[in-house]
Amino acid sequence: MFFSLVLCINLLSSENEKTRQFISKNAVNFSKELGSRIEAQLLPLDRLARRWRKEGRSARAKWEEDAQVYIDHFSSYESVERLDGDYSVLWSILKNKGEIQIRYRPSKSAERVFQLVEKTGNTLVIPASETDPNWNRLHVVSLLAGQKGIDGYLLGTVSLTHLIDSVLLDNPFQGYSF
């Protein structure tokens, strides 16, 4: 009897450990998948900025057309703006044409983010707290640098609601059993 009890406890312990490992592995995989889906939604501006570095300045209409394609294709983007080195808006492409756009003017803390983007060349994502007190939006900031130096920035405004919807609507839970 005692031997059966010890055997049963060992089997349960082993099963619990396997279950813990299974859950841990699936949680890590799910987290990576979710992260890559979010990144895929946020990085179109980075691709556009890298193309700017390769091709240099092109006609404004071409860049506006490309920005419009991104807004149409990536549902989380509400606008794409081109800023000069002083953070003044040179042009804007809006998802909703009739919408009134609040002109972006960065705070001192946001200016430090722009300076970090300039220093590292990396695309950064920051809360759009200056223009959205409810924190429902993000700004994606990419550096526009050509062969002659810095040409400004691309600033994308992303809706968190649409970002989460676009990431989760593809059913990332498929294949996971909880």
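1. Where does Y87 lie? Y87 sits in the loop between β1 and β2. This is a predicted model, and in it Y87 has a positive phi of about 70° although it is not a glycine. Most residues other than glycine have a negative phi.

2. The overall layout comes next. The protein chain has 5 helices and 5 strands. Read along the sequence, they follow the pattern α-α-α-β-β-α-β-β-β-α. The protein chain has 178 residues, and 35% of them count as buried. Take the contacts with a separation of 6 or more: 53% of these join residues 24 or more positions apart.

3. Now the interior. In soluble globular proteins, nonpolar side chains tend to be buried together. Here the largest nonpolar core has 21 residues. Those with the most contacts inside this core are L45, Y77, V80, W91, L154 and V158. Helices that give two or more residues to the core are α2 (44-55), α3 (60-73) and α5 (160-168). Strands that do so are β1 (77-83), β2 (89-94), β4 (137-146) and β5 (149-159). A second, separate core has 12 residues, including F114, V117, Y153 and L155.

4. Y77 is among the residues with the most contacts inside the largest nonpolar core. What does Y77 contact, leaving aside its neighbours within four places in sequence? The partners are Q41, L42, L43, P44, L45, I71, K95, V140, G156, T157 and V158. Of these partners, L45 and V158 are also listed among the core residues with the most contacts.

5. Next, the pairing of α2 with α3. The axes of these helices come within 10 Å and cross at roughly 160°. That angle is over 145°, so α2 and α3 are roughly antiparallel to each other. Their crossing is right-handed.

6. The contact between these two helices can be read residue by residue. From α2 come P44, R47, L48, R51, W52 and E55. In α3 they meet K62, W63, D66 and Y70. By class, the α2 contact with α3 has 5 nonpolar and 5 charged residues, and no polar ones. P44 of α2 takes part here, and P44 is also in contact with Y77.

How values were computed
Residues are numbered from 1 along each chain as its sequence is written. This is a predicted model: local features need pLDDT of at least 70, side-chain atom pairs count only at pLDDT 80 or more; totals for chains, interfaces and linings use all residues. Side-chain values use heavy atoms; hydrogens and water are left out. A nonpolar core is a set of buried Ala, Val, Leu, Ile, Met, Phe, Trp, Tyr and Cys residues joined through side-chain atoms within 4.5 Å. Buried means under 20% relative accessible area, exposed over 50%, partly exposed in between (1.4 Å probe, protein chains only). Helices (H or I, at least four residues) and strands (E, at least two) are DSSP runs, numbered from the N terminus. Contact means heavy atoms within 4.5 Å. Axes are lines fitted to C-alpha atoms, for helices over the stretch in contact, and angles run from 0 to 180 degrees between N-to-C directions. Angles under 35 degrees count as roughly parallel, over 145 as roughly antiparallel, 65 to 115 as roughly perpendicular and the rest as oblique. A crossing is left-handed if the near helix is turned anticlockwise from the far one by less than a right angle, and right-handed if clockwise. Ala, Val, Leu, Ile, Met, Phe, Trp, Tyr, Cys and Pro count as nonpolar, Asp, Glu, Lys and Arg as charged, and the others, Gly among them, as polar.
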